[in-house]
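Hello,

Here is the structure for you to look at. My notes follow below it.

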Amino acid sequence: ARDIILQQELTSSLRETSFYVLTNEPATPGYYNGFIDEAFIKTHVKDLSKHFYVCGPPPMIDSVTNILVKLGASPEAVVFEK
């Protein structure tokens, strides 16, 4: 949780549309635990016309981007850490 980049700023500006998912830690209150897969996105993302900021290791970014596009998000709307 301590490695989340600009968490306070993101939460402040994105409010309820921000999700923080921890994959390498035990369950932590206030965070999702596990992997962002198609089921997670279908459950938690209600509007695929928005922009998405994805941060994580390259394989995870590729996977999440592919899922978002498959479900209808515009590829140009997916922004990720480089």
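The mean positions of the 7 positive and 10 negative charges of the protein chain lie 5 Å apart. Lys and Arg count as positive, Asp and Glu as negative, and His and the chain ends are left out; each charge is placed at NZ of Lys, CZ of Arg, CG of Asp or CD of Glu.

This is a predicted model, in which local features need pLDDT of at least 70 and side-chain atom pairs count only at pLDDT 80 or more, while totals for chains, interfaces and linings use all residues. Residues are numbered from 1 along each chain as its sequence is written, and side-chain values use heavy atoms, without hydrogens and water.

The protein chain has three helices and four strands (DSSP runs, H or I of at least four residues and E of at least two, numbered from the N terminus). Their order from the N terminus is α-β-β-α-β-α-β.

Of the 82 residues, 20% are buried (under 20% relative accessible area, 1.4 Å probe, protein chains only).

Beyond its neighbours within four places in sequence, Phe 52 is in contact with residues including Val 45, Leu 68, Ala 73 and Val 78 (heavy atoms within 4.5 Å).

Regards

Notes:
Buried means under 20% relative accessible area, exposed over 50%, partly exposed in between (1.4 Å probe, protein chains only).
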